[in-house]
Every structure is written in structure tokens, then in C-alpha cells.
Amino acid sequence: APNYPDFHLEYGEVDGVFLSYIEILPTKSSKPFCIAKSLSKNGEHGVGTVFIRRNSSSVELAPSEIPHLIQASESEYLDGASWQSLIRAHLTGDFDKFQTLLPSFQHKTVEGNDALQIALDALTSRKRGVLITANAGQGKTVLLHRLAFALAFRQSEKLRNTSFGKDAENSGSSDDVSNYIAEMEVVPPFSVPVFMPLRMAFTTIAEFERRLLQHLRDLTGAQAIKSLERVFNIPGSYWVILLDGIDELRNAERAGVLLRTWAESQPDNIKVVFTARPYAASEWTAGEHIELLPLSEAEALELLQAHIHQKAPEFGSQIDAVLRESAGLLSVIRCPRALNGFLSSFADSFLATRP
């Protein structure tokens, strides 16, 4: 059926001149209204033309922009500073350190391929996301940090100001440009990463989404964001949600199923990446499954030493000596929690022996 807006027509004679006007009223619709029959003699606005309101003017949309239209009440607005804060968060701290401080070897799949490149390729495909599995100490978290860094690094240092229906660089006078800049919509051209560890418990997806939403608010500095759905509805935006450690969920069996169902139900502009130990990862047919090749003993030792020098640089040489003298210790402390416990215990015992 045709999609007609609500409208009101008035006409009459004013000072001997016949006048009429049509008022198009706000109407909630899942599809934009467009011209069904061109009444212009010169064909300036053809059939299918769609307009949006911009300040006091009606602005014509390019056909490529029409599929991205949604109701204003269904979308959030993030300014350039918020986008940059989100991107910068994944280029600093551990995300940056893991590019240089950790071993230079590539994470390999069991087939011998570059796991990072496989993950990046999967995120540009039609698949819903990626599941990365490996045993403790094989670098799942490191790989996820490197993936987040790679996604953030390809964004432009200065995001380009764009908006529906108009380009500020070709918008006329300088006054027009200055008045328009404040309303610019800034959207990164590539998928934006959002990394979050899964050291939590939740019994419903709504509870998980509240935690993810607050995490997103913290990363962007935009505490006024109302809902994840409104953020993900930002026209032209693409997202990669990186969730580290399904096995670290305190109710992993139940929450893991909820998360995979949630990931598979997301719109096309959202991809989800999980990491998990094999026992905590049930089959996920909607995404790419990357199984990491176990590290060699030399690679595992290098990875462990890098973690130690990052977390406790003042004890680095002493711990290296302990590891060389106790070969069996390596297999025990490759688990992150065991490593943290070892470092804490070593620090306490080392400090106790100092004068």
C-alpha cells in the first residue's frame, strides 16, 4: 500500500491573490516518504526524491543515503571528541604495549595461518563474527588486544565531518558553513572496536547490555547515551565488540549460550569476537572459528617473561633465574590467574629477604 504522510491543506484569496499551502505533519513511519509523481515542469525533483529537514530548509538526499534513514528518536549522537576517545582507548595502554613489549611471533591457527589476519578477514566478510579458542597461556587475550589495536589504528587521525544531504565544503557562504558545523555528524569510516573482559556474571541479556552500555559510556565519556540500540543505530556506523574470556564468566555455561544467541541476533553493522578455552566454547556456526596453534616452549617462555617484565619489571631478572632453574614451573604459571598469584607471592618473599 502507498505510504502517505499526514498533511493539512489550506487555501484562499489574500489581497486579491489566490494562495495555498500544504503542511506535512510529523508521522512515525518505517520508510521515508518520497515524491510519487513529479509535478515540476523542469524535472528538478523526480519520482523517488526524499527530503529531510535541516534547520529551516528541506534538504534533498542522495539515493545512497536513503537506506540509512531512521527516526531521530531511535538513534544517538556522538560528537567527534567521543568517537576519538573511544578509538584512542584502543590505541593506548595494554593495546599499545602488546604491539611491542610482547613477543614478535605471530599467533598461528592450527592450520599454520596468521590468526590475526584470518580474524580481520572474517570481520570484513558476511560472517557474524569470530570465536577464538585456545588453552590457557596460548595468547588469546594478547591476540584480542592486537585485533582491537589493528581495528582502531586504521581509523583516520582526524575524522571527516559528514552529514546527510549536504557537504559543508560546498555549502555556500562562510556564514552558512559556520552555522552548519555545529550540527555535523561525525562517523568513523571503518568498524570501531569495543573491547571488554568477561570477568562477570549475568543471568539475562538485559543485564549484560547494561554493563556493556556503561563500559561504552566510560570509553567515550558520553554518559548521556541512553541505550545500546540507539548507539548501534547511528547511521553509517560499524562496530566490532570484542569479549575476552567466555570461560571466565562466573556462570559460563548459561551466560555463554546467552552471549552467542545475542551475537547472532545483532544487525549487519555489528560483529562480535569471543575468546574462550575449548571446553567453554560450544559450536558457533554463524561465525569464523579460529583455533590457535599451541605455543612452543620457547614462545611460551618468551610470552611469560614479557608479561613478568611488564607487570613486575623490578623483579624481572630474579624471576628469569627462577624459571630457568625450575622447568616444570612454566606449565603451572602460564594461566593468567596463576601467573598473578606467582608474581604476588614472589614479590612478598623477595621483599621479605631484603634488608
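This is a predicted model: local features need pLDDT of at least 70, side-chain atom pairs count only at pLDDT 80 or more; totals for chains, interfaces and linings use all residues.

Me: How far apart are F149 and F153 along helix α4, in helical turns?

Reply: An α-helix has 3.6 residues a turn, so residues three or four places apart point the same way. F149 and F153 sit four residues apart in α4 (residues 140–153), so their separation is about one helical turn.

Me: What kind of aromatic pair do F149 and F153 form?

Reply: Their centres are 5.7 Å apart, with 15° between the planes. Planes under 30 degrees apart count as stacked, so the pair F149 and F153 is stacked.

Me: Which residues do ring pairs link into a cluster?

Reply: There are seven aromatic pairs in the structure. Ring pairs join up a cluster made of W83, F232 and W239.

Me: How do helices α1 and α6 pack, roughly parallel or roughly perpendicular?

Reply: Helix α1 (residues 80–89) meets helix α6 (residues 205–220) at about 100°, their axes 7 Å apart. Angles from 65 to 115 degrees count as roughly perpendicular, so α1 and α6 are roughly perpendicular.

Me: Which residues of α6 make that contact with α1?

Reply: On the α1 side, the contact uses S82, S85, L86 and A89. From α6 come L216, L219 and T220.

Notes
Residues are numbered from 1 along each chain as its sequence is written. Side-chain values use heavy atoms; hydrogens and water are left out. Axes are lines fitted to C-alpha atoms, for helices over the stretch in contact, and angles run from 0 to 180 degrees between N-to-C directions. Helices (H or I, at least four residues) and strands (E, at least two) are DSSP runs, numbered from the N terminus. Angles under 35 degrees count as roughly parallel, over 145 as roughly antiparallel, 65 to 115 as roughly perpendicular and the rest as oblique. Contact means heavy atoms within 4.5 Å. Rings of Phe, Tyr and Trp (its six-membered ring) pair if their centres lie within 6.5 Å; planes under 30 degrees apart count as stacked, over 60 as edge-to-face and the rest as tilted.
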